[in-house]
Amino acid sequence: MEQSHRLRHIVVLLLNVWIPSCFAQTTPPVRTSPTPTSQTPERPENLKFRLSGFPRKHNEGRIEVFYKGEWGTICDDDFSLANAHVLCRQLGFVSATGWTHSAMYGKGTGKIWLDNVQCSGSERSISVCKSRGWGNSDCTHDEDAGVICKDERLPGYVESNVIEVQVDENKVEEVRLRPVVAMSTKRLPITEGVVEVKYKDGWAQICDNGWTPRNSRVVCGMMGFPNERKVNKNFYKHLRKRSAESKVKVTAARQKPKAKAIPKTSSKPKPGKSAAAKRLYAERQKNHFLVHSVVCLGTEVHLGACPLDFNYGNATESCPGGMPAVVSCVPGPLYAQNIQRKKLKISTSIRLKGGAKHGEGRVEVLKGSEWGTVCDDLWNLLSASVVCRDLGFGSAKEALTGARMGQGLGHIHMNKVQCTGHERSLWNCGYKNISSDDCKHTEDASVRCNVPDMGYEKTVRLSGGRSQYEGRVEVRVGQRWGSVCSEGWTTKEAMVVCRQLGLGFSMHAITETWYWDSSNVTEMVMSGVKCTGDEMSLSQCQHHKTINCQKATARFSAGVICSETASDLVLNASLVQQTTYIEDRPLHMLYCAAEEDCLSKSASQANWPYGHRRLLRFSSQIHNIGRADFRPKAGRHSWVWHACHGHYHSMDIFTHYDLLSANGTKVAEGHKASFCLEDVDCEEGVSKRYECANFGEQGITVGCWDLYRHDIDCQWIDITDVKPGNYILQVVINPNYEVSESDFTNNAMKCNCKYDGHRIWVHNCHIGDAFSEEAERRFEKYPGQLNNQIS
């Protein structure tokens, strides 16, 4: 009887499952009330994902899934940020920052594989989220969903230009150096210690039997250090011996008859104990050997990429005659102690540009006396690691292609670079010289290097903001958190904070933070902060020893808004050289220019409207080669209307024009207010976004340029009072750092010029950081032309 009852129960369950599925196949789905169901998990390795569409960046686009031999899209019905998180992780990014609907990146083709997808955000694959089921959709491609992923790769993500690691059960992903000497735990960076790998909920060691310097080189590279050094193994053997003796004594003491009460022995040294006892503390921990053999070539960028033999069974006793592997590393100059720093040198023929933090950027190499970029053909981690180590960082974390750190200028010096990983310089690797058709700057190679953990991100925080990228700046001073005075707070200081927190660039430096949540406002603990903009931490900037802030209320605390991308403006130097000329302009045509303060001071003493001013005129073509649009700091509500010229000024000063003597003294100057920032023209495939007509939005799109022609007002330097001689013409864009940029070093342009009192000759025009230091010194010491023939 009981058996028949069970049988009937099973039949009912089967009918409950089978009947609805039959209806689902024969009845058209009702769009208003879809019933998402959990899917039978499709094995992740059977699914492929890609981002498509246009226009888009590398980390955004229409999401497409490869399923059963065919690419298809996902419908935007019920789509959410949680869905985007899951998909971005499957694409190899850490998370999503947004998603799009209604075929924002264009309409796809073929199947619409998924509809009404509902994820919680923690799923390992989109295949385990609720949905209508594979291929069951009533959408059209007008509803294709897109995702915007955070531009940061998952550790160990498998792609040709990203670290590859083992993916079996005994995988090695996270590695650390655990300092054994207690005193070393207080110093950062940690340069020496026991090599440990993450294992389950703890850490395990590696047996040092057969351990080689090549293994150490790989570990040091992962930790952000360019080189390894020999370890004093006798020191560690002595520590282990002392540790063993200590354990024996403790055991013997515990086995003695309880004649009297014996205090409980703790392995943790108490305050006041000897230094030797402190040293032994870490060694008293029980070793767990997960790996008993490592065979690296020394060129790997991750320990998990080396052949490894894992232990099984009794892992605590599987290192006969050996001990835990210990590694000692040599830090680069940026992270070394003051005494060591003098002895360490880094390459002067390679540099990184356009990165948000130290150890990342577009790769530029010095050939002759001019800097140029590297084309991304065949660009990989081996070549990227040579660059990173040469600059005093560790191995490469990512080898980036497609101008991911912005486009460079000038020459492309190298293509198809092929390194073995052992080279000391990129110039020692095989490469191909560039022909005019080989590469464009849209193919500039970039790197992200492993850098040492300095703990800087733990000494500053943002509070009160609406997201993790904005807020009131708070620092650790003594044992308390406090805010920072906003007097003198600029983009440079904000840049340091965003870099310190790993949040990219500063979009805005905020001097009034009253509109953010002030429920947990702390007292002010820092004032007078002044940074160069290159510091790794706010504590490295100049600041008052004691608080001195005129506006010490919470309303005037310093704040920041950070962004992962930034613009980068550069001037077309050759166009300046081609368009420079002198004009004697009558005073009666300069009333508006005088009102805008575009003439030299002596103009106020002139006999208006009679006479003239001598003007050095030229065109300025300003390109945005960064990764974000250049927008005025002020919103249109605060733009100033200039009635004389009949236009709005969105920035008080957009460019400085200076004429300098040989010793750098300013002999004449001019400036240009930003009355109209717009896209005059763009690269192929890039659309204009900004136009000044009809009080339109102002800005310069990535890949576009604005043009200030030589024949418009204030596009000059008033040289009426300048005597004949040899000078330097200098143009500086965004001179007051009003708007954030990824690189301010390329904002200045310089030219040699000779003025004979009637005519002017301009040559050697170049962006401020385009030449080598030696070539720049020669430029500054230029004696002038002996004649008017420019070679």
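Student: Is Pro735 buried or exposed?
Tutor: This is a predicted model, and everything I say is computed from it. Buried means a relative accessible area under 20%. Pro735 comes out at 15%, so it counts as buried.

Student: Where in the chain does Pro735 lie?
Tutor: In the loop between β40 and β41. Leaving aside neighbours within four places in sequence, Pro735 is in contact with Ile653, Phe654, Thr655 and His656. Take Phe654: 81 residues separate it from Pro735 in sequence, yet the two C-alpha atoms are 7.1 Å apart.

Student: Which residues have the most contacts inside the largest nonpolar core?
Tutor: Phe654 again, along with Leu659, Leu729 and Met749; that core has 32 residues. The elements giving two or more residues to it are β29 (569-571), α9 (573-579), β35 (651-660), β40 (725-733), β41 (748-755) and β42 (760-767). Apart from it lies another core, of 28 residues, with Val363, Trp379, Val387 and Cys429 among them.

Student: What does Leu729 touch, not counting residues up to four places away in sequence?
Tutor: Its list includes Val576, Leu616, Phe618, Leu659, Ile717 and Met749. Asp658, Lys750, Cys751 and Cys753 are on it too.

Student: Which way do the side chains of β22 point?
Tutor: In a regular strand the side chains alternate between the two faces of the sheet. In β22 (residues 446-449), Ser446 and Arg448 point one way while Val447 and Cys449 point the other, and all are buried.

Student: Which residue stands opposite Arg448 of β22?
Tutor: Glu360 does. Strand β17 (residues 360-367) runs antiparallel to β22, and 3 bridges join them. Strand β19 (residues 396-400) also pairs with β22 in the antiparallel sense, over 4 bridges. There, Leu400 has Ser446 as its bridge partner.

Student: Now the rings. How many aromatic pairs does the structure hold?
Tutor: It holds 12. A pair of aromatic rings is described by the distance of the centres and the angle of the planes. Tyr67 and Trp134 are stacked, at 4.1 Å centre to centre with 15° between the planes. Tyr67 lies in strand β3 (residues 60-67) and Trp134 in the loop between β7 (130-131) and β8 (146-149), so the pair ties together parts 67 residues apart in sequence. Both Tyr67 and Trp134 are buried, and together with Trp113 they form one aromatic cluster.

Student: Why is the pair of Phe654 and Tyr708 called tilted?
Tutor: Planes under 30 degrees apart count as stacked and over 60 as edge-to-face. The planes of Phe654 and Tyr708 are at 40°, with the ring centres 6.0 Å apart, so the pair is tilted. Phe654 sits in β35 and Tyr708 in strand β38 (residues 704-708), so the pair ties together parts that are 54 residues apart in sequence. Both Phe654 and Tyr708 are buried.

Student: How many residues of helix α8 are buried?
Tutor: In α8 (residues 491-500), 9 of the 10 residues are buried, so to read it, ask what covers them. The cover includes β23 (460-463), β24 (470-477), β26 (505-510) and β28 (559-563). Among the buried residues are Glu493 and Arg499, as well as Met495 and Val496. Just after α8, Gly502 takes a positive phi of about 70°.

Student: And for the whole chain, what share of the residues is buried?
Tutor: 50% of the 791 residues. The chain has 11 helices and 42 strands.

Notes
Residues are numbered from 1 along each chain as its sequence is written. This is a predicted model: local features need pLDDT of at least 70, side-chain atom pairs count only at pLDDT 80 or more; totals for chains, interfaces and linings use all residues. Side-chain values use heavy atoms; hydrogens and water are left out. A nonpolar core is a set of buried Ala, Val, Leu, Ile, Met, Phe, Trp, Tyr and Cys residues joined through side-chain atoms within 4.5 Å. Buried means under 20% relative accessible area, exposed over 50%, partly exposed in between (1.4 Å probe, protein chains only). Contact means heavy atoms within 4.5 Å. Rings of Phe, Tyr and Trp (its six-membered ring) pair if their centres lie within 6.5 Å; planes under 30 degrees apart count as stacked, over 60 as edge-to-face and the rest as tilted. Two strands pair if DSSP finds at least two bridges between them.
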